Amino acid sequence: MTETAPSELDDSFHVFDTTLRDGAQREGINLTVADKLAIARHLDDFGVGFIEGGWPGANPRDTEFFARAQQEIDFKHAQLVAFGATRRAGAKASEDPQVKALLDAGAPVITLVAKSHDRHVELALRTTLDENLEMVRDTVSFLKDQGRRVFVDCEHFFDGYRANPEYAKAVVRAAAEAGADVVILCDTNGGMLPAQVHAVVSTVLADTGARLGIHAQDDTGCAVANTLAAVDAGATHVQCTANGYGERVGNANLFPVVAALELKYGKKVLPDGRLREMTRISHAIAEVVNLTPSTHQPYVGVSAFAHKAGLHASAIKVDPDLYQHIDPELVGNTMRMLVSDMAGRASVELKGKELGIDLGGDRELVGRVVERVKERELKGYTYEAADASFELLLRTEVQGGKPPRYFEVESWRAIVEDRPDGSHANEATVKLWAKGERIVATAEGNGPVNALDRALRVGLEKIYPQLAALELVDYKVRILEGVHGTESTTRVLISTTDGTGEWSTVGVAENVIAASWQALEDAYTYGLLKAGVQPAE
């Protein structure tokens, strides 16, 4: 499929990403220059029209980013944008050092933040309303004369419009008349609702004739809806961040906005074939910022097309569209069936098909699996979060109750020694049989579970070298309801990878070590099965 070059994209509608500036203000995100370069490549690959890289001159890291981006990134779809403010009161734009820093960044597009709330002008800028308008006109016209494309962010616009609508509109007119390509109405405090946004954007568009954009914060949980309401009212420029990152609760999420524009509005806002990359790119950016991808994020979350209720599964078996608003493949995601105590026959059949196990319409077999799942979940197991353990259960039932086995456990033990200096020693011993050989292995670890994991590896890797590729990547413990305190039942979930895929297994027992051992056994059994190793007879 042919990619659309930047020059071929329709300039009548803009997708503008500000992850590298506004998104980076989220608590817990601290981007290095290398991080910013990596995210910029992902965003360009996705096909956004503009990538706001930061505030050169105000932040040394951002200044370095612009210098390196021009040398290290060959942008295929996006234009790089430098962010800054209008000139200082009483000065000239041509002599303002921070305006000069914007030019020195070399970005073809500059976004200027301008005050549009009269109280902010007087209290924060400490200048007059007329001088603020002149600051906007002077800075925009100067940058346009220097050959830059200029966007103007009207900060606190909606609050300013509520307080003094005529002045807020005067700022929009000043920017547009000075040559700003787009004037963006910013819901900086994130307090607006969709109907309010639609009404204000419609009025401002009619009264000023300016090309308008929207920048929505998510403090009411309406940032995506507010963005689309602005589009409905005539805005042709949307500002978003990847995964909704941003200050406080975040910004309008780039991915639902773009998906809605393409799939619900029928607008062509991305190059050909890029929408199918959306899930991958969302998760890749989450990895760069070191935040776990949101499982329930619309369109791109791993649970976005996950079905649990038996009624849903029965309908989906007939036609997936009955309980899905789009085909998941359109955004690079997949449908998943969750097996739980709510599962019916259709859930199990569809899950078997998803796992590549043909149940052959065997109603008795499917019934046994359903009952087995419900029985186990009553004891505390959960299979919706442990696909690998469910597949092992399913294969056991398919094989008439004979589980796939690579080793037989004779016994195991874990010892934790508390030493006088406050340190701890953790040692585990496992005794097992594999391929007719009795194995006794001992190992130390930084905890009893880690010691068991190492002992199991020591014992089995000589016979199954495939285990060397496995790595435990996540470990979760939950105390289940029932008996209180230290006598409670414990559930452990373990995530394992072989470098090409990841799977989860579950264990439930009266103590955390025994539950962990169950999950470890399943993890290694599934890993060997996935590697194509034939189970022992």
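Modeller: Happy to! One definition to start: a residue is buried under 20% relative accessible area, exposed over 50% and partly exposed in between (1.4 Å probe, protein chains only). This is a predicted model, with residues numbered from 1 along each chain as its sequence is written, and local features need pLDDT of at least 70. Side-chain atom pairs count only at pLDDT 80 or more, while totals for chains, interfaces and linings use all residues, and side-chain values use heavy atoms, with hydrogens and water left out.

Colleague: What is the mean pLDDT of the chain?

Modeller: The mean is 87, and 90% of the residues reach 70 or more; pLDDT is the predictor's confidence in each residue, from 0 to 100.

Colleague: And where does pLDDT stay under 50?

Modeller: Over residues 1-8, and the model has 15 contacts beyond four places in sequence for them. A contact means heavy atoms within 4.5 Å.

Colleague: Now charges. How many salt bridges does the count come to?

Modeller: The count is 31, taking a salt bridge as a side-chain nitrogen of Lys or Arg within 4 Å of a carboxyl oxygen of Asp or Glu. Side chains of opposite charge can pair when their charged atoms come close.

Colleague: Which residue forms a salt bridge with aspartate 45?

Modeller: Arginine 274 does, with the closest N and O atoms 2.8 Å apart. This pair links distant parts of the chain, 229 residues apart: aspartate 45 sits in helix H1 (residues 33-46), and arginine 274 in the loop between helix H10 (254-264) and helix H11 (278-289). Those labels are DSSP runs, numbered from the N terminus: helices (H or I) have at least four residues, strands (E) at least two.

Colleague: Is aspartate 45 buried or partly exposed?

Modeller: Aspartate 45 is partly exposed, at 28% relative accessible area, whereas arginine 274 is buried, at 10%.

Colleague: Where do arginine 162 and aspartate 159 lie?

Modeller: Both are in helix H6 (residues 157-163), three residues apart, which is about one turn of the helix. Arginine 162 is exposed, at 55%, but aspartate 159 is buried, at 19%.

Colleague: What about glycine 160, buried or exposed?

Modeller: Glycine 160 is buried, at 0% relative accessibility, and its place is in helix H6. Leaving out residues up to four places away in sequence, glycine 160 touches Ser116, His117, Pro165 and Ala168. Glycine 160 and arginine 119 are 41 residues apart in sequence, with 8.0 Å between their C-alpha atoms.

Colleague: Let's switch to strands. Why is strand E3 called largely enclosed?

Modeller: Six of the seven residues of E3 (residues 79-85) are buried, so the rest of the structure largely encloses this strand. Strand E2 (residues 50-54) runs parallel to E3, joined by four bridges; two strands pair if DSSP finds at least two bridges between them. Phenylalanine 50 stands opposite glutamine 79 in E3.

Colleague: What do E2, helix H2 and E3 make?

Modeller: With H2 (residues 60-72), they make a right-handed β-α-β unit. The chain then crosses from E3 through helix H3 (residues 97-104) to E4, and that β-α-β crossover is right-handed. Right-handed means that, with the strands pointing away from the viewer, the path from the first strand over the helix to the second runs clockwise. E3 pairs with strand E4 (residues 109-115) in the parallel sense over five bridges, and valine 113 in E4 is the bridge partner of alanine 85.

Colleague: And in which order do the three strands of the open sheet come?

Modeller: The order is E11-E12-E13, with antiparallel pairing. Strand E11 (408-418) and strand E13 (437-445) are the edge strands, each pairing on one side only. Ten bridges join E11 to strand E12 (residues 424-434), and glutamate 417 stands opposite alanine 425 in E12.

Colleague: Which helix packs on the sheet?

Modeller: Helix H16 (residues 448-460) does, touching E11, E12 and E13, and its direction makes about 145° with that of E13. Helix H17 (residues 512-530) lies across E11 and E12, at about 135° to E11. Axes are lines fitted to C-alpha atoms, for helices over the stretch in contact, and angles run from 0 to 180 degrees between N-to-C directions.

Colleague: Thanks, that helps a lot!
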